[in-house]
Amino acid sequence: EKYENLNFVLKDTIENKWYNELHSESNFRIPLTTKAISHVQESLSSSSSSSSSSRKRLQSWEVPEIPENLCGIWAYIKWEFAGCPERSTQDADREFQEGIREMKFYLQEGYTLEELW
């Protein structure tokens, strides 16, 4: 079975409470397919038009540096979702760079690193 997104929820182990905010789409979510990424981009562009006062589009030089471990997680999850195919080092590097470009796109749209992760 193929999934479009990978959702994470939080658990407060002290209070033994699960925080699953799927209805408000505030979970930590990673799109795994091109379709899911397109859906996120569409929702980002429609929400940015409705909340343009709260989000400022950034120039490429204004985008903050993305932590390498987050880029690695992004690339690994996409690779795992694809069925862990064998690939060359060059293909792995290309996919890693593609993940960085995707995250920079979201940051340029005005989202913060905290909102993405």
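The legends below describe close-up views of a predicted model.

Residues are numbered from 1 along each chain as its sequence is written. In this predicted model, local features need pLDDT of at least 70 and side-chain atom pairs count only at pLDDT 80 or more, while totals for chains, interfaces and linings use all residues; side-chain values use heavy atoms, with hydrogens and water left out.

**View 1. The protein chain contains 4 helices and 4 strands.** Along the sequence the elements follow the pattern β-β-β-β-α-α-α-α. Helices (H or I, at least four residues) and strands (E, at least two) are DSSP runs, numbered from the N terminus. Of the 117 residues, 26% count as buried. Buried means under 20% relative accessible area, exposed means over 50%, and partly exposed lies in between (1.4 Å probe, protein chains only). Among contacts with a separation of 6 or more, 66% join residues 24 or more positions apart. A contact means heavy atoms within 4.5 Å.

**View 2. Helix 2 covers residues 68–81.** Its 14 residues reach 20 Å from the first C-alpha to the last, close to the 20 Å expected at 1.5 Å a residue. The expected span is 1.5 Å times one less than the number of residues in the helix. The buried residues of helix 2 are Leu70, Cys71, Trp74, Ala75, Ile77, Lys78 and Trp79. Gly83, which follows helix 2, has a positive phi near 95°.

**View 3. Helix 3 covers residues 89–108 and has one buried face.** Gly99, Ile100, Glu102, Met103, Tyr106 and Leu107 are the buried residues of helix 3. Seen down the helix axis, these buried residues fall within an arc of 160°, so they line one face of helix 3. The arc is that of the directions from the helix axis to the C-beta atoms. Exposed residues Gln90 and Arg101 are carried on the face of helix 3 turned away from its buried side. Gly110 follows helix 3 and has a positive phi near 105°.

**View 4. Arg101 is an exposed residue of helix 3.** The relative accessible area of Arg101 is 52%. Arg101 and Cys71 are 30 residues apart along the chain, and their C-alpha atoms are separated by 9.7 Å.

**View 5. The largest nonpolar core has 13 residues.** A nonpolar core is a set of buried Ala, Val, Leu, Ile, Met, Phe, Trp, Tyr and Cys residues joined through side-chain atoms within 4.5 Å. The residues with the most contacts inside this core are Ile30, Ile66, Cys71, Trp74, Met103 and Leu107. Helix 2 and helix 3 each supply at least two residues of the core. The largest share, 4 residues, comes from helix 3. In soluble globular proteins, nonpolar side chains tend to be buried together.

View 6. A salt bridge is a side-chain nitrogen of Lys or Arg within 4 Å of a carboxyl oxygen of Asp or Glu. Lys78 lies in helix 2 and Glu102 in helix 3, so the pair ties together parts that are 24 residues apart in sequence. Glu102 is buried, at 13% relative accessible area. The side chains of Glu102 and Trp74 are joined by a polar contact of 2.7 Å. A polar contact is a pair of N or O atoms within 3.5 Å; within protein, one must be able to donate a hydrogen and the other to accept it, and residues adjacent in sequence count only if both atoms are side-chain atoms. Leaving aside residues up to four places away in sequence, Glu102 touches Ile37, Trp74 and Lys78.

**View 7. Salt bridges also join Arg87 to Glu95 and Arg94 to Asp91.** The structure holds 3 salt bridges. Between Arg87 and Glu95 the N to O distance is 2.2 Å. Arg87 is partly exposed at 32% relative accessibility, and Glu95 is partly exposed at 27%. For Arg94 and Asp91 the closest N and O atoms are 3.6 Å apart. Both Arg94 and Asp91 lie in helix 3, 3 residues apart, about one turn of the helix. Arg94 is partly exposed, with a relative accessible area of 45%, and Asp91 is partly exposed at 29%.
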